[in-house]
Amino acid sequence: MAAHRKARQRSVGGNTARTAVTIALAGAATATGFDGVGHADPQLSAAQVKARVDKLYEEAEAATQKYDGAKEKAGQAEANLSKLRDEAARREDRLNSARDALGSMAAAQYRSGGLDPVVQLALSDRPDEYLEGAALAERVGTRQSAEIAGVRKQLRELEQLRGAAHIELAALKSRQTELKQHKKTVNEKLGAARRLLDRLTPQQRTQYAERGGANDQQHVSRDTARDPAPAASSGASGAAGTGSGVAAPNSRAAAAVAYAYTKLGSPYVWGATGPDAFDCSGLTQAAYRSAGVSLPRTTYSQINAGQRVAQSELQPGDLVFFYSGITHVGLYIGNGQMIHAPNPSAPVRVAPITEMPFAGAARVA
């Protein structure tokens, strides 16, 4: 019987267990291969690496937009908290002044002895003057009551301000926690993409670039990108030139496109809004800020900042968005081209809008 049990234990711990471990490891390898946190398979082709890297960059961009949104809200909460604290300090100063005034009144009453008015009238040598003084005292008492009521009101308002500040502080801490989490996600995705690219052989790097991946040969320089193929005119009256061979429908769109051209070659840095580095929505926000147009910070908000337009109706200056989650944005410059901040592997550059899944467009100027 004991021997039988031992044999069964060897069976479970032997081939069956090894098979289970092999399956588990295979599953883990597959999972980490797709979520981008495991080691790359050295046998991956350049096409497979590009597909995985593109996916990792898309996920990193989504996390970047969430980071940007949380950062914007954290900034708003911090500004609100600062205003509330300043107002509370001012209210507290006024409250202290009112309290001091009440204290002076109370001290004066104490010094006068606080005699009953009838007794004071009876003891007065000049009743007429006393009666005039009594009327004044009554008015002072009425004013004192009003000031006491005012102090009580100020106390209530001060407590309300402190309560609001407490809420804003909690909101700020929550946003800061979000920022840390999104930052961690972005760094993980970008790190996984970098590890995949680092494992490519020189031949694979060439193949990767030929398939549209970014490398030093594909980085568009500021000089070579200033003169793209002429963009088709939008046909709009009063079209404005950008100085880069692009006809924009108005001066604001032209200014935004011109600004984007001056930033060609600038590095992609997630969370950056210029003037020397950008993420995708940071570039479009900065471009329109230079034109006097205020855009929200994230792709999710920017797509709703203007009039939606169809891909067939695009004009230079329109914002073009990509992926089903609206996680990437570029600035359309005409002729099927855009200027965008792609990802950390490539600087701000000109690219066709067909290089990513088109999700929509918005006209903000």
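Phenylalanine 321 has glycine 360 of strand S8 as its bridge partner. This is a predicted model, in which local features need pLDDT of at least 70, side-chain atom pairs count only at pLDDT 80 or more, and totals for chains, interfaces and linings use all residues. Residues are numbered from 1 along each chain as its sequence is written, and side-chain values use heavy atoms, without hydrogens and water.

Strand S4 (residues 319-322) and strand S8 (residues 358-363) pair in the antiparallel sense over four bridges; pairing requires at least two DSSP bridges between two strands. Strands (E, at least two residues) and helices (H or I, at least four) are DSSP runs numbered from the N terminus. S4 and S8 belong to an open sheet of six strands with antiparallel pairing, in the order S3-S8-S4-S5-S6-S7. Strand S3 (307-308) and strand S7 (349-352) are at the edges with a single partner strand each, so one side of each has no neighbour in the sheet.

H6 lies across strand S5 (328-334) and strand S6 (337-340), at about 105° to S5. H7 lies across S4, S5 and S6, at about 45° to S5. Axes are lines fitted to C-alpha atoms, for helices over the stretch in contact, and angles between N-to-C directions run from 0 to 180 degrees.

Helix H6 (residues 251-262) also packs with helix H7 (residues 280-290), at an angle of about 130° and with the axes 7 Å apart. The contact (heavy atoms within 4.5 Å) is made by Arg252, Ala253, Ala255, Ala256 and Tyr259 of H6 and by Ala286, Ala287, Tyr288 and Ser290 of H7.
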